[in-house]
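Let's take a walk through this structure, one spot at a time. Have the sequence and the 3D view handy.

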Amino acid sequence: MTIPGLESIPPLWLQIAIAAVWVLFILAIAWGVNRSANKEPEIVRKIVHIGTGNVILLAWWLNIPASIGITASILASAITLLSYRLPILPGINSVGRQSLGTFFYSLSFGILIGCFWYLQQPQYAALGILVMTWGDGFAALIGQRFGQHKYKVFGSQKSWEGSLTMTLVSYLVSSFVLLGSQGNIWQTWVVSLLVAVVATGLEAFSFLGIDNLTVPLGSAALAFMLMQLFPI
């Protein structure tokens with residue numbers, strides 16, 4: 001099936017357009033929520049956090065070149081750094097604490113794409129980003145709304161409810177990615193479990209938002225190394 005009018009568009013530009021439209025769509029939703037009368041900064045942040053993270057799936061499925069992904073990561077990182085000084089992204093960086101999480105989040109895309117596109121193993125980049133996107137995103141929402149049992153790690157307050165959510169969602173996400181890329185084998189389930197536990201530990205250390213870098217990089221690296229130790 002072909003879409004009239006798209007046959008003359010170069011494939012690369014079409015790939016970029018699809019990814020860009022998705023990101024703009026998510027930002028538009030976040031902007032609308034931020035403008036609402038009952039806006040909640042954390043909800044706005046998680047809409048962007050979860051929504052834009054899924055662009056890694058488009059990059060993987062559309063086979064977008066690494067150079068495009070790295071360039072987009074550099075631009076996004078620069079914009080987020082400016083947004084800490086200027087009101088470029090209102091509501092996204094308002095977390096009530098000093099944090100570079102948005103910058104680290106953007107940076108992690110470029111690092112993972114640069115590494116795993118080069119190795120021709122893009123599924124691990126997707127795994128790392130999605131563990132951070134969905135795991136950390138839902139952990140924060142559940143922890144803030146239902147977290148009754150608190151604990152602290154180097155001054156950062158967490159909840160056991162949020163951490164358990166991080167483990168569960170990370171396991172499901174990792175299983176989904178590995179199941180789709182290597183099939184229903186024992187490595188899929190064991191590696192996913194180990195990744196989920198380690199990702200939860202990394203997420204607990206969130207000083208200055210560094211978990212937005214350590215969780216995706218650590219999850220992707222661990223999954224890749226374990227699969228080398230226990231090959232199919």
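Leaving aside neighbours within four places in sequence, E203 is in contact with D136, K158, M166, D211 and V215, where contact means heavy atoms within 4.5 Å. This is a predicted model, in which local features need pLDDT of at least 70, side-chain atom pairs count only at pLDDT 80 or more, and totals for chains, interfaces and linings use all residues. Residues are numbered from 1 along each chain as its sequence is written, and side-chain values use heavy atoms, with hydrogens and water left out.

You'll find E203 in helix α8 (helices are DSSP runs of H or I, at least four residues, numbered from the N terminus). E203 is buried, with a relative accessible area of 5%; buried means under 20%, using a 1.4 Å probe and protein chains only. Its side chain also makes a polar contact with the side chain of K158, at 3.0 Å (that's a pair of N or O atoms within 3.5 Å, one able to donate a hydrogen and the other to accept it; residues adjacent in sequence count only if both atoms are side-chain atoms).

Now for the largest nonpolar core, which has 35 residues. Such a core is a set of buried Ala, Val, Leu, Ile, Met, Phe, Trp, Tyr and Cys residues joined through side-chain atoms within 4.5 Å. I56, L127, V131, V191 and V195 touch the most other members. Helices α3, α5, α6, α7, α8 and α9 each supply at least two of its residues, and α6 gives the most, with 9. As for V191, not counting residues up to four places away in sequence, V191 touches L178, A223, L226 and M227.

Definitions and conventions: Buried means under 20% relative accessible area, exposed over 50%, partly exposed in between (1.4 Å probe, protein chains only).
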